[in-house]
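Here is a short briefing on a structure.

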Amino acid sequence: MVSPILELTDINKSFGHVQANKNINLKINKGTIHGIIGENGAGKSTLMSIVFGLYQANSGSIKINGKEINLRSPRDSIINGIGMVHQHFMLVENFTVLENIILGFEGETVFGEKLQKAKEDLEKLCQTYNFNIDLDATISDLSVGFRQRVEILKSLYRGAEILILDEPTGVLTPQEVDELFKILRSLKDEGKTIVLITHKLIEIMDLTSEVSVMRQGEMVGHTKTEDTSKEQLAEMMVGRSVLLRVDKKEIKKGETIFKVNNLSVKDDLDVTRVKDVNLEICSGEILGIAGVTGNGQTELLEALSGIRKVESGSIELFGEKISDQNNFLNPRMLKEKGLAHVPEDRQRMGLISDFKAHENLIFGYHDQEPYSKSAILNNKEITEYSNKVMQEYDVRPNSPNLITSNFSGGNQQKIILSRELNENPKVLLVGQPTRGVDIGAIEFIHQRLIDMRDKGAAILLASVELDEILSLSDRIIVMFDGKIVGEKENKNVTDRELGLLMAGVA
Amino acid sequence: MEFLSDIASLINSTLRISTPLVFAAMAGIFAERSGVIDFSLEGKMLMAAFVAAVGSYYLGNPWLGLLLAIIVCVCLSMLHGFASVTHKGDQVVSCVAINILIIGLTTALAAAWFGQAGLTPTLNEDQRFLEIHLPFSDALRDIPVIGTLYSDILSGHYIFVYLAYLSVPLVFWIVFKTSFGLRLRAVGENPSAVDTAGINVFTMRYKALAINGVLIAFAGAHLSTAVNANFFREMSAGRGYLALAAMIFGKWHPKTALIACLLFGFTDALQIRLQGVELPAIGEIPVQLIQAIPYVLTVVLLAGFVGKAIAPNAIGQPYIKER
């Protein structure tokens, strides 16, 4: 029997009234890849942040190699051989790779000899693992995949024996995921222990030998990966059986109602982010935009929804030109013409987090009847409407007076969706509809989008989740560096093919 | 020849006028590079001027006055830290509170101790810093060019003037060549990265603020115990804000901030010089117009010519680790 390298006993942690971890027990064996799966908000990241010393547990004990240790700060964890690659990289963007890696472990007051030594050591490490990283490159010039390698290199340089990765694949192309998995397997072969936190079932099945499942702050099961299946894990995660596939009727394509001609858009820093994009969407169709984050999808959606100025080119709705570089309709005018928008960043653009749910539910329509009359809000009407719509969209808890930020991500998204879909838009622009949303809500949101399509709406769906694009879209375009680099009918197209396009290779 | 000496005296006053700006800008660099906005440079400079003058008056030694000013300014920086780092308060509000507090406090204390609102007794020669005449400056005065450069421009300043310009390479060295500097810059850019590297974010910010307090004390002492021989009401006269503008204009970098300080100092020296001077074709320019030059220049430079100043990424944001 192997002794566990890491053993957690009865870990409890709460933030205010929310108990993020309840009596967690976990054993991780040396030299394995151990998966921890659970929905957003299940407490996985919190648990691992405790192991990394970033948060302190309210109670419970942590043993490394059978010895109980007290982790007061990440420094203690690092000294004990624990490294963590966070979901949001912990890198200083305008520092070089080298500066980021030595930060906190400089070993000398004034830079000199030790810096040289660190550089030599790192170059050796890079060679050993075939990392191919330029130590003098600035982080902001590196792709996301490379930044992640820097994070891994950082942990290895600091002597990590246990490497924790928090949702490492969220921002990678399928090819980059392959590369990452290759690195992780080779680390395992060298005797390192890997802990993989994810909500993606397929990664668990691909990579891990053991898996622990978390739900609502509790550990609900441990199993060997070979003894379980995706369906079984999903059921453990959600607490009920879930449909992993979306049921979709055959497309009934109507006429083209939304058209974009040679569109170019600049961002706030005056960099052209959308370059000469052409696209058309028919009624009854979902057009998916695949691409790695930051390849112009955000700016494209903003331009189409009237939030961002068009640099050149034009946008047509029902054959009528609605925007070009000289004039454009604002979101409100677009709304009146039947265009709705579910923005990518729901916290920043979709909702006012400090408002009550019922206020967000009618926001944008608040000055129209029946919600208001002669500039005075009709609270009775609003409450009635809110109750009805929250039931219909299964928003939990069903309390219109609750502050919006107290709802989970999935329920917040349902609030936005209900508001935007309520007017039966002809064109729907949707960005990252299920980012940070739990599986149960994903199922619901996907079904709503399909319903809209079947009712004849033209839907533009931008998502970095390839699975989502593949399961919902009728047609898929891929954006890379602001350009459309590929268009495919969604028949027999594989994620590998799209991945190559997303990486700008094919 | 008269023209040359005019230029020399213009440069000489530029160096002197820029001195408090340089100290304040360097102080600002430490605070803001660590991610803490420091609007309170103005208030701290005023407080330092007051404490230095009072301390020197009672203790009879300007160095002891300076020491007291340093202690008080570090305390004020810690107060700012306590409100905005430990308790995650709004950094601008904390600074404004400090500034307002000090305007009132200096006036009231002066009234209570010396019977005159906002005025401290005149310091005698032993109680203040005097101009330093570099060796051989009299002997070399008559040599062309070198004499002017050495005797008229470099020599004859208060100690603070020399210290201010020496502090710039020192600050550069600390910020860019030491591990402390690396951590300092990191904590202002991405405090989470610093935290996960096992360094305490709060301690780093307090350290930065402590250095900030030391440096700003020099600026205040320069005003009340060197160029002037007493403290008077609101004697910092916006120099703290001007230094902040210079620091932003210099993109949080010691070298460029120095250039900005010198530019502001130069326009100020120029406006003093131009007052009452008849210019050919134009005639005498109204004083008010000339006095406005440094401020107009600030606005114009900040608004248009320097491009977008990119602040440390995490500036103004309290570090919140847990949700």
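Helix H1 (residues 44-51) of chain A lies across S1, S2 and S4 of chain A and runs at about 115 degrees to S1(A). The model is predicted: local features need pLDDT of at least 70, side-chain atom pairs count only at pLDDT 80 or more, and totals for chains, interfaces and linings use all residues. Residues are numbered from 1 along each chain as its sequence is written, while chains are lettered from A and ligands numbered from 1 in the order in which they are written.

**Terms**
- Helices (H or I, at least four residues) and strands (E, at least two) are DSSP runs, numbered from the N terminus.
- Axes are lines fitted to C-alpha atoms, for helices over the stretch in contact, and angles run from 0 to 180 degrees between N-to-C directions.

**Sheet of chain A**
- Four strands of chain A make an open antiparallel sheet, ordered S2-S1-S4-S5 (strands pair if DSSP finds at least two bridges between them).
- S2 (18-29) and S5 (67-69) of chain A are the edge strands, each with a single partner strand, so one side of each has no neighbour in the sheet.
- Five bridges join S1 (residues 4-15) to S4 (residues 59-64) of chain A.
- A:Asn12 stands opposite A:Ser59 in S4(A).

**Contact between the chains**
- Chain B gives 19 residues and chain A gives 22 (in contact: C-beta atoms, placed from the backbone, within 7 Å).
- H8 (179-189) and H9 (191-196) of chain B each supply at least two residues of chain B's side.

**Helix H8 of chain B**
- Eight of the eleven residues of H8(B) are buried, so it is largely enclosed by the rest of the structure (buried: 20 or more other C-beta atoms within 10 Å of the residue's own, placed from the backbone).
- The buried residues include B:Leu182 and B:Val187.

Definitions and conventions:
Two residues are in contact if their C-beta atoms, placed from the backbone, lie within 7 Å. A residue is buried if 20 or more other C-beta atoms lie within 10 Å of its own, exposed if 12 or fewer, and partly exposed in between; C-beta atoms are placed from the backbone.
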